Amino acid sequence: MTGAQGSLPLDPAIKPAHLPPGVLYRRDILSPDEEQAIRERLDAGEWSTVLKRRVQHFGYLYDYRARAVTAEAYLGPLPNWLQSLGERLCAEGVLAAMPDQVIANEYLPGQGISAHVDCIPCFGEAIVSISLLSPCEMVFRERSSARTLPLLLEPRSCLLLTGAGRYDWTHEIPARKSDFVGGVRVERGRRISLTFRKVIPAAGSNSAAMTQT
Ligand SMILES: O=C(O)CCC(=O)C(=O)O
Ligand SMILES: [Fe+2]
C-alpha cells in the first residue's frame, strides 16, 4: 500500500462501495486553463501511431509487445511540466513517491483500451490517471468473479489505483462513441489521459496471465 490512500479526499459523489477497494477518484485536480495548456503541449509534441490510439511516452518507453520496461528504454527525466504535475500529486497526498514514467493516451470517440492489469513487474503499486477534455466510462472487473463496476471519468479528474483495484481487478475503456450514465447518454469527444507510474528497476517481462494494452 502507498500509505497515500488515507490522505486523498474521496469525491463525496462517488461512494466507496461503488469503486473497487484501493481505487480513489477525485474531481478537479486540474483547472480548465491547465487542461488546455497540457493539450497544447501534447499536440506540439509527437504522437506515436503504433497502436490504434495515439500515445506519447515520457521517462521510459513501455514496450507493449514485450510487456516490459528495460533499462535501454530510459528516455531521460520527465519534462518540467510533467515533473511539476508529479510533484503536485505527491504534495496533495495522491502519490507517496515521485513517478518517473508517464504515458499520454488519446482516445477519439469510438476508441478505448481493452481490459488489463497494468504490468505488475514493470510498475509500482500506485498508478494515477488524469483525464482531460472529454468524459468517458471506465469499467472495472474483478478477476476472481463476474463483478463489474463502471466509473465515469470526468475531464480534469484524477484516478488512483492501488491494492486490489490495481492487482485484482482489470480496468478498461469500452470502445464506444457515447456512454449511458445514470440513464443519460453522454457523448464522447476527444479525450486525453496522462498515466503516472513508477518503474521498478530491472523489470522483466510480464506474466502470461496478464494483458497490457
Ligand atoms: O486512459 C486512461 O485513463 C487509462 C489508461 C490505462 O489504463 C493505461 O494506460 O494503462
Ligand atoms: Fe491501465
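The model is predicted: local features need pLDDT of at least 70, side-chain atom pairs count only at pLDDT 80 or more, and totals for chains, interfaces and linings use all residues. Residues are numbered from 1 along each chain as its sequence is written, and chains are lettered from A and ligands numbered from 1 in the order in which they are written.

**Exercise 1.** State how much of residues 98-200 is helix and how much is strand.

*Solution.* UniProt, in an unreviewed entry, gives this span the feature "domain: Fe2OG dioxygenase"; such annotations may be inferred rather than shown by experiment. Helices (H or I, at least four residues) and strands (E, at least two) are DSSP runs, numbered from the N terminus. The span is 5% helix and 52% strand, and its end C-alpha atoms lie 12 Å apart.

**Exercise 2.** Which residues surround ligand 1, and which elements give two or more of them?

*Solution.* A residue is near the ligand if its C-beta atom, placed from the backbone, lies within 6 Å of it. The shell consists of Ile 103, Asn 105, Ile 113, Asp 118, Ser 129, His 171, Ile 173, Ser 193 and Thr 195. Two or more residues come from each of strand E3 (101-107), strand E9 (169-173) and strand E12 (191-197).

**Exercise 3.** Give the strand order of the open sheet and name its edges.

*Solution.* Strands pair if DSSP finds at least two bridges between them. The order is E4-E9-E6-E7, with antiparallel pairing. Strands E4 (113-116) and E7 (148-153) are the edges, each pairing on one side only. E6 (residues 136-142) and E7 share six bridges, and Cys 136 stands opposite Leu 153 in E7.
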